[in-house]
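Open your viewer and get ready to click through a few selections. Each stop tells you what to select and what you will find there.

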Amino acid sequence: MAKSSISDDDLKFDTKHDLTNNQRFLESSYEDFTENKIEGNIHYYLTNVNDENVIISRTEIEESSSGINTLEVDLVMSNPDNILKNRLNLQGAVKRASVDNIRSIIRDIRTNNPTIKKVVAYVISPILESNYRRMGFETSFCL
């Protein structure tokens, strides 16, 4: 990707924040696998890109005594170039990839683990919150 500068301070902050979160997700995922810290309530979702398996998200199921289980969707991995392309409105950006990935994960959870009734996610997306509500989940914890 060509070098570019960002003159808008808010856009620069938001872009750096997204890239930092993405890096944190990558590092914690790597640590989980290298230190064998994956427990039964933690699930990684993968996709295939250029014949390579790529982690797109990590979820954790928190069981409660009331029988209402909560799915926590951790940060969703993104291609750093795509983050920049989206933030800077550059050609070739894949729009809404994170929303579509999480929507697929939620569909999988609804089908394969119906005891989960609440989803907690760090997402700033009215589209995703609408999808959660439409699928019957509480959305009060979405940021």
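Helices (H or I, at least four residues) and strands (E, at least two) are DSSP runs, numbered from the N terminus. With those labels in hand, select Asn 89, which sits in the loop between H2 and helix H3 (97-112). Keep in mind throughout that this is a predicted model.

**Stop 1: the loop residue**

Stay on Asn 89 for a moment. Its phi is near 55 degrees, a positive value in a residue other than glycine. Is Asn 89 buried or exposed? Asn 89 is exposed, with a relative accessible area of 62%.

**Stop 2: the whole chain**

Now zoom out and colour by secondary structure. Follow the chain along its sequence and the elements come in the order α-β-β-β-α-α-β-α. The protein chain has 143 residues, of which 31% count as buried.

**Stop 3: two helices side by side**

Select helix H1 (residues 9-34) together with helix H2 (residues 80-87). Their axes come within 10 Å and cross at roughly 160 degrees. Angles over 145 degrees count as roughly antiparallel, and H1 and H2 are therefore roughly antiparallel to each other. The crossing of H1 past H2 is right-handed.

Next, show the side chains that make this contact. On the H1 side, pick Leu 11, Asp 14, Thr 15, Asp 18, Leu 19 and Asn 22; on the H2 side, pick Pro 80, Ile 83, Leu 84 and Arg 87. Which classes of residue make up the contact of H1 with H2? Colouring by class will show five nonpolar, two polar and three charged residues.

**Stop 4: one residue of that contact**

From that group, centre on Leu 19, which lies in helix H1. Leave out residues up to four places away in sequence, and Leu 19 touches Pro 80, Ile 83 and Leu 84. Draw a distance between the C-alpha atoms of Leu 19 and Ile 83: they are 64 residues apart along the chain, yet separated by 7.2 Å. Leu 19 counts as partly exposed, at 28% relative accessibility.

**Stop 5: the aromatic pair**

How many aromatic pairs does a search of the whole structure find? The search finds one. Select Phe 33 and Tyr 44 to see it: the ring centres are 4.8 Å apart and the planes stand at 45 degrees, so the pair is tilted. Phe 33 lies in helix H1 and Tyr 44 in strand E1 (residues 42-49), so the pair ties together parts that are eleven residues apart in sequence.

Phe 33 is partly exposed, with a relative accessible area of 43%, whereas Tyr 44 counts as buried, at 15% relative accessibility.

**Stop 6: a threonine in a strand**

Finish in strand E3 (residues 69-76), where you will find Thr 70. Why does Thr 70 count as buried? Buried means under 20% relative accessible area, and Thr 70 has 14%. Now show what surrounds this residue, leaving aside neighbours within four places in sequence. Thr 70 is in contact with Glu 60, Ile 61, Glu 62, Ile 116, Lys 118 and Val 120.

How values were computed:
Residues numbered from 1 in each chain as written. Predicted model: local features only at pLDDT ≥ 70, side-chain atom pairs only at ≥ 80, totals over all residues. Heavy atoms only, no water. Axes fitted to C-alpha atoms, helices over the stretch in contact; angles between N-to-C directions. Parallel < 35°, antiparallel > 145°, perpendicular 65-115°, else oblique. Left-handed = near helix turned anticlockwise from the far one by under 90°. Contact = heavy atoms within 4.5 Å. Nonpolar A, V, L, I, M, F, W, Y, C, P; charged D, E, K, R; others polar. Buried < 20%, exposed > 50% of the residue type's maximum accessible area, 1.4 Å probe, protein only. Phe/Tyr/Trp six-rings, centres within 6.5 Å; stacked < 30°, edge-to-face > 60°.
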